[in-house]
Amino acid sequence: MNPTTDSMTEITLLQPDDWHIHLRDNQALATTVAHAAASFNRVICMPNLVPPVKTFEQAHAYRTRILQHLQDSELSAERKVSFDPRMTLYLTDNTTVQDIEDAAKSGIVEAVKLYPAGATTNSADGVTDINGCLDVFEALEKYDLPLLLHGEVTDDHVDIFDREKRFLDDVLAQVIIKFPTLKIVLEHITTSDAADFVLSQGNHIAATITPQHLMFNRNHLLLGGIKPHFYCLPILKREQHQKVLLDVATSGNPKFFLGTDSAPHATDKKENACGCAGCYSAAIAMPLYATAFDSVGKIDKLEGFASRFGPQFYGLPVNENTITMIKTPMQVPTDYPYFDGSSLTPLMAGETLPWSLK
């Protein structure tokens with residue numbers, strides 16, 4: 001179906017999916033699962049737990065915990081039935097070809113995630129030498145299992161604003177030469193360099209884009225004092241990069257699709273001297289994306305980005321249910337209750353968005 005609009009004040013979309021989300025584990029799931037399931041059908045669950053999800057057995061156990069919290073939530077029976085968490089394995093220096101084969105045959109593991117060691121939250125067990133993963137990449141290519149990349153180098157001497165481009169030039173280009181049919185998703189791209197790189201490759205190379213990288217740039221993070229709730233990795237870049245990301249996201253090109261990278265950190269962990277990296281957006285993701293797309297007059301392109309292009313890349317059917325969004329202002333909550341008496345501060349807390357879920 002095509003989006004239906006009424007003077008651009010109401011839009012009905014096929015149910016969207018989130019192809020990159022952090023739900024965390026255990027008590028955190030009581031909050032994060034309900035927020036994700038309220039808008040999305042399938043979600044690709046990141047494996048950087050403590051300890052990480054490294055095997056099919058661990059992925060299966062994690063999915064079981066997620067679904068238990070879904071059943072305990074106050075969502076409708078329809079949402080409980082349709083919500084489908086898809087799992088990923090955390091790639092380490094010790095991942096084996098057998099691990100990949102087991103994952104590919106499991107029916108619940110959708111992809112394998114590569115974190116360069118030290119690149120972001122809970123990435124200490126990540127890959128230290130990408131050349132040590134060649135047999136795993138060969139297995140991924142064989143079983144048509146996508147490789148999801150946190151695309152940054154982690155060398156201390158490389159400027160944090162240049163780490164994505166250096167990864168493209170120094171690492172990813174070489175991987176693609178060696179494994180020309182390996183399906184790859186560059187996650188949460190932040191630069192025009194990454195957008196151009198994806199555009200220059202075949203249809204087996206795609207990218208997800210977050211709401212924060214469409215709506216904000218490093219001025220929002222730094223002007224007038226550091227804003228901890230805008231701090232994520234990869235970090236927000238210059239306005240010129242933000243504009244290019246908005247261009248490609250709203251272009252109707254199926255290489256770019258929705259991945260929130262919503263990452264919950266308790267407010268007191270964000271607002272301290274060493275604040276955690278990550279923006280929490282799961283509960284308000286669709287109003288954020290609608291606001292971004294409408295800002296350039298491209299709200300009609302939202303369904304492709306949110307609901308069609310991800311399933312197309314992963315070889316899955318589009319969802320049959322729909323959601324409706326209306327151009328009625330909503331105030332973003334200042335916080336959500338989290339576990340152990342803590343709170344969770346969302347992106348744009350307390351501010352007003354022009355779009356809301358009906």
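Helix axes are lines fitted to C-alpha atoms over the stretch in contact, and angles run from 0 to 180 degrees between N-to-C directions. The structure is a predicted model in which local features need pLDDT of at least 70 and side-chain atom pairs count only at pLDDT 80 or more, while totals for chains, interfaces and linings use all residues. Residues are numbered from 1 along each chain as its sequence is written, and side-chain values use heavy atoms, with hydrogens and water left out. Helices (H or I, at least four residues) and strands (E, at least two) are DSSP runs numbered from the N terminus.

The axes of helix α7 (residues 192-200) and helix α10 (residues 239-249) cross at roughly 35 degrees and come within 8 Å. In this contact (heavy atoms within 4.5 Å), α7 contributes Ser-192, Asp-193, Ala-195 and Leu-199, and α10 contributes His-241, Val-244 and Val-248. The residues of the contact comprise 4 nonpolar, 2 polar and 1 charged; Ala, Val, Leu, Ile, Met, Phe, Trp, Tyr, Cys and Pro count as nonpolar, Asp, Glu, Lys and Arg as charged, and the others, Gly among them, as polar. Residues are termed buried under 20% relative accessible area, exposed over 50% and partly exposed in between, with a 1.4 Å probe and protein chains only. In α7 the buried residues are Ser-192, Ala-194, Ala-195, Phe-197 and Val-198. These buried residues pack against α6 (163-178), β8 (184-186), β9, α10 and β10.

Gly-202 lies in the loop between α7 and β9 (205-209). With a relative accessible area of 31%, Gly-202 is partly exposed.

Helix α12 (residues 285-295) and helix α13 (residues 302-314) pack at an angle of about 140 degrees, with their axes 9 Å apart. The pair is therefore oblique, given that angles under 35 degrees count as roughly parallel, over 145 as roughly antiparallel, 65 to 115 as roughly perpendicular and the rest as oblique. By class, this contact has 7 nonpolar residues, with no polar and no charged ones.

Strands are paired if DSSP finds at least two bridges between them.

Strand β2 (residues 10-14) runs antiparallel to strand β11 (residues 322-326), with 5 bridges between them. Ile-11 is placed opposite Met-325 in β11. Because 4 of its 5 residues are buried, β2 is largely enclosed by the rest of the structure.

Thr-31 is located in helix α1 (residues 29-39) and counts as buried at 11% relative accessibility. A polar atom of the Thr-31 side chain lies 3.3 Å from the backbone oxygen of Pro-337. Leaving aside residues up to four places away in sequence, Thr-31 touches Tyr-280, Pro-337, Tyr-338 and Leu-344.

Notes
Polar contact = N/O pair within 3.5 Å; in protein donor to acceptor, adjacent residues only side chain to side chain.
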